Amino acid sequence: MLTLERVTKRFGGITAVHDVSLEVRQGDLLGIIGPNGAGKTTLFNVISGYYRPEEGRVRFDGHDVTGEAPHLICRRGLTRTFQIVKPFGNLSVLDNVTVGALTRIAAVREARAEAEQVIERCGLAAHAATHAKALPIGLRKRLEVARALATHPRLLLLDEVMSGITPTELAGMIDLVRRLHADGLTLIVIEHIMAAMMRLAQRIVVLHHGERIAEGTPAEIASDRRVIDAYLGDEFSLAEA
Amino acid sequence: MAGLIPHRGALVLFGAAALFPLVVRDAFFLDSVVLILLWGALSAAWNVAGGYAGQVSIGHASFFGIGAYSSALMVTRFERNPWLGLLLGIALSLIAGLVIGFLSNRLKGPYFALSTIAFSQVLLIAVSRWRGFTAGAEGIPVPFRPGFATLGLSHVAWVYVALVVAILYYLIQVYLERSRLGLQLAGVREDEDAAEAVGVASRRLKVLAVASSAGLTSVCGSLWAQYIGFVDPAYVFSVDLSVRFALNAIIGGVGTALGPYVGSLLITTVETYLRAQFSGIRTGFTGIYLILYGAVLIVVVRFFPEGLVGLASRWWLRRPGRARAAGAPGPA
């Protein structure tokens, strides 16, 4: 479904992403982990069209979408969320999600109905009329996911949707992601919360200083010496997951 | 009838304007009504770009001036119908709007606003210098020729012309609030990048909003030139005027359909009153109303950014026994 071929992104003298290739097949749930500054969000920005890479190609469903405008990539079926959530503050939760729904549905009434369903599915029904700026961070993260879902993506890129939320909210979010995957959505998830990542991901790619240093199943990654040195630390054990 | 309830404010305002000439025949008051409606419409036009799309421009006088000159020159230099000038003004303003729209994709917030000011001043200088074509800084007196085709109308007739335009612009804004385009535009206003991520063509919509706003402003400029009978470049391209368009909308309620008209009602009335009071003391008067505008603007932006309309609807919803209606339209 998605292929990255030797993608390199530079900002002046800094190489944020260096020669990264990866492949995502339909139905996958791929995790991306790595220390801060490893280039994970930059990679998402390249995939979703916000940055054009200096080298390499991005292919979605066989089409070369390298550097294509973000809204066009969304219409192709690839939607991303933002690490620092970007709600439409002065709009209600329902209106936020409706904007997403309007990408596939022309009629406002139908789009709203669709948005209501998505809100239900994401557990936000109680807050549908609330202005987004009045929501606490946990619900804002949910809204971010709901709004992205309303665009009917076939591939969803989630950027740290589990950070900064309470343990209860975390459990809810893990459950949501699992449900979405079970319903057929292909996902790429950036996360720092290893417990969640180990539970959800089928495969994990590890980035460090912009390079892919490891790829494999959660078990393989947890025992990979390079990954432990770069990111996980010796104390981490799979039993915690 | 129930479908009209959200528009009760507009019904009151426009209804009163429609009935006014039947009751009052004094030219001074009729003139005030025409101006309130025209400035309201101009602020509504500004609102399309500034309120609904979030592209705050302080250079809309550019389009007003283009419209005014187009119609004035069409009549005086080419001896054609002012309506033709109006159409030409729209075309030229759309082009100018596309240029400004392009700038809005390159510059953010205050820098964009500055660029719009620059644009209007460049036009002012160009028009003032081009004496051979535009009669330069002296301005153009527009002859009054009675008849609808030549827009030579009585005060009463002008009230209804202005009313039609005002209602039309009100409806355009209402459409923007309810439509797919309007919702997407609201997304762009709130967060451009986020809107792009969910499929909204942010850059294109911004240009569309600014260009449309330009065209709408130009129409009013053309009508105004025929109404007032004199086009002075220092006035029609002035920053004062640009600020005025934004001011009415912001005070009344930026991003609401009725806001520009409520704002215009307040500001135009105050200004007319001040002008009547201090008509002998020119320099003193200029200072007074600018200070007043500034003070009101600061108070509004600081304490009730949703404007008078927003304030009124909050108060309305808080009355005892009132159930919370389903979500307020547009921004809070």
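The radius of gyration used here is taken over C-alpha atoms, and the globule rule is 2.2 Å times the number of residues to the power 0.38. The exercises below concern a predicted model.

**Exercise 1. Overall form of chain A**

Determine how the radius of gyration of chain A compares with that of a compact globule.

Solution.
- Chain A has 241 residues, for which a compact globule would have a radius of gyration near 18 Å.
- The value for chain A is 18 Å, and therefore the two agree.
- The C-alpha trace of chain A spans about 55 × 40 × 30 Å along its principal axes.
- Of the 241 residues, 48% count as buried.
- Among contacts in chain A with a separation of 6 or more, 62% join residues 24 or more positions apart.
- The secondary structure of chain A comprises nine helices and 10 strands.

**Exercise 2. Packing of two helices in chain B**

Classify the relative orientation of helix 3 and helix 5 of chain B, and state which residues make their contact.

Solution.
- Helix 3 of chain B covers residues 61-76 and helix 5 of chain B covers residues 109-129; their axes lie 8 Å apart, at an angle of about 30°.
- Angles under 35 degrees count as roughly parallel, and the two helices are therefore roughly parallel to each other.
- Helix 3 of chain B contributes Ala61(B), Ser62(B), Gly65(B) and Tyr69(B), while helix 5 of chain B contributes Phe119(B), Ser120(B), Leu123(B) and Val127(B).
- By class, the residues of this contact are five nonpolar, three polar and no charged.

**Exercise 3. The side of chain B that touches chain A**

Identify which element of chain B gives the largest share of the side that touches chain A.

Solution.
- The contact takes 28 residues from chain A and 23 residues from chain B.
- On the side of chain B, the elements giving two or more residues are helix 8 (180-190) and helix 9 (192-197).
- Helix 8 of chain B supplies the largest share, six residues.
- This side of chain B divides into 11 nonpolar, six polar and six charged residues.

**Exercise 4. The largest nonpolar core**

State how many residues the largest nonpolar core has, and which element gives its largest share.

Solution.
- In soluble globular proteins, nonpolar side chains tend to be buried together.
- The largest nonpolar core here has 170 residues.
- The residues with the most contacts inside this core are Ala146(A), Leu37(B), Leu38(B), Ala41(B), Ala166(B) and Cys220(B).
- Helix 2 (residues 27-52) of chain B gives the largest share of the core, 15 residues.
- Apart from neighbours within four places in sequence, Leu37(B) is in contact with Ala17(B), Ala162(B), Leu163(B) and Ala166(B).

Note on methods. Residues numbered from 1 in each chain as written. Chains lettered and ligands numbered in written order. Predicted model: local features only at pLDDT ≥ 70, side-chain atom pairs only at ≥ 80, totals over all residues. Axes fitted to C-alpha atoms, helices over the stretch in contact; angles between N-to-C directions. Helix = DSSP H or I, 4+ residues; strand = E, 2+ residues; numbered from the N terminus. Parallel < 35°, antiparallel > 145°, perpendicular 65-115°, else oblique. Contact = placed C-beta atoms within 7 Å. Nonpolar A, V, L, I, M, F, W, Y, C, P; charged D, E, K, R; others polar. Buried ≥ 20, exposed ≤ 12 C-beta atoms within 10 Å, placed from the backbone. Core = buried A, V, L, I, M, F, W, Y, C linked by C-beta atoms within 7 Å.
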